[in-house]
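Student: Could we go through this model together, one piece at a time?

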Amino acid sequence: MTAPETQAKTFAEFHREAEPRLRRALIARYGSEVGREATAEALAYGWEHWAKIAAMTNPLGYLYRVGQSRSRRLWPRRTVFASRPEEALPWVEPGLPSALNKLSARQRQVVVLIHGFEHTHQEVADLLGIARSSVQNHLERGLAKLRSEMEGSDV
């Protein structure tokens, strides 16, 4: 196998494993449309610079940052989780999207990754490039705000 074929194969393996995690993290941070675009931008950058990225200790975290940087032009002023009619999501608390929108971006991201996508605290810390204790703090504060918001709603 030639060097480009080897490079393509290893990137393909990395992509298969990393893409869902990267996509979930970016969608949790920026919403569905911008998150998907940021994922595509980051993975395209990863393909172009795979030789450099493959040698990194946390390539997924690096590509997360690339997705953030490359998609700044797409960021909405505020991430919005669309409100759905009650019949569209009967098993989900109808006030949850608006309550999630009231969290800070980092709190919302950590809460969604841990409780929505069942990532571990360490996986989230590695992906976001922050300490595990910071993940715990964001999670606790975010859940406290969610509880407060949900208790105060009329739903």
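Student: Which residues of α2 meet which residues of α4?
Tutor: From α2 the residues are A38, E41, A42, L43, Y45 and G46, and they meet Y62, L63, V66, G67 and R70 in α4, where contact means heavy atoms within 4.5 Å. By class, that contact has seven nonpolar, two polar and two charged residues, with Ala, Val, Leu, Ile, Met, Phe, Trp, Tyr, Cys and Pro counted as nonpolar, Asp, Glu, Lys and Arg as charged, and the others, Gly among them, as polar.

Student: What should I keep in mind about where this comes from?
Tutor: This is a predicted model, in which local features need pLDDT of at least 70 and side-chain atom pairs count only at pLDDT 80 or more, while totals for chains, interfaces and linings use all residues. Residues are numbered from 1 along each chain as its sequence is written, and side-chain values use heavy atoms, with hydrogens and water left out.

Student: OK, back to that pair. At what angle do α2 and α4 pack?
Tutor: Helix α2 (residues 32-48) and helix α4 (residues 59-70) pack at an angle of about 120°, with their axes 8 Å apart; the axes are lines fitted to C-alpha atoms, for helices over the stretch in contact, and angles run from 0 to 180 degrees between N-to-C directions. The two helices are therefore oblique to each other, since angles under 35 degrees count as roughly parallel, over 145 as roughly antiparallel, 65 to 115 as roughly perpendicular and the rest as oblique.

Student: And is the crossing of α2 and α4 left-handed or right-handed?
Tutor: The crossing is right-handed, in the sense that the near helix is turned clockwise from the far one by less than a right angle, anticlockwise being left-handed.

Student: Which residues of α7 are buried?
Tutor: In helix α7 (residues 121-128) they are H121, V124, A125, L127 and L128. They cover an arc of only 165° around the axis, which puts them on the same side of α7; the arc is that of the directions from the helix axis to the C-beta atoms.

Student: What about α6, how many of its residues are buried?
Tutor: Helix α6 (residues 105-116) is mostly covered, with nine of its 12 residues buried, including R106, R108 and the run V110, V111 and V112. It packs against α7 at an angle of about 135°, with the axes 10 Å apart, and the pair is therefore oblique. The contact is made by R106, Q109, V110, L113 and I114 of α6 and H121, V124, L127 and L128 of α7.

Student: Last topic: what does L96 touch?
Tutor: L96, in helix α5 (residues 96-101), touches L146 and M150, not counting residues up to four places away in sequence. The C-alpha atoms of L96 and L146 are separated by 8.1 Å, although the two are 50 residues apart along the chain. At 29% relative accessibility, L96 counts as partly exposed.

Student: And E149, what is that in contact with?
Tutor: E149 sits in helix α8 (residues 132-152) and, leaving aside neighbours within four places in sequence, is in contact with A99 and K102. At 27% relative accessibility, E149 counts as partly exposed.

Definitions and conventions:
Helices (H or I, at least four residues) and strands (E, at least two) are DSSP runs, numbered from the N terminus. Buried means under 20% relative accessible area, exposed over 50%, partly exposed in between (1.4 Å probe, protein chains only).
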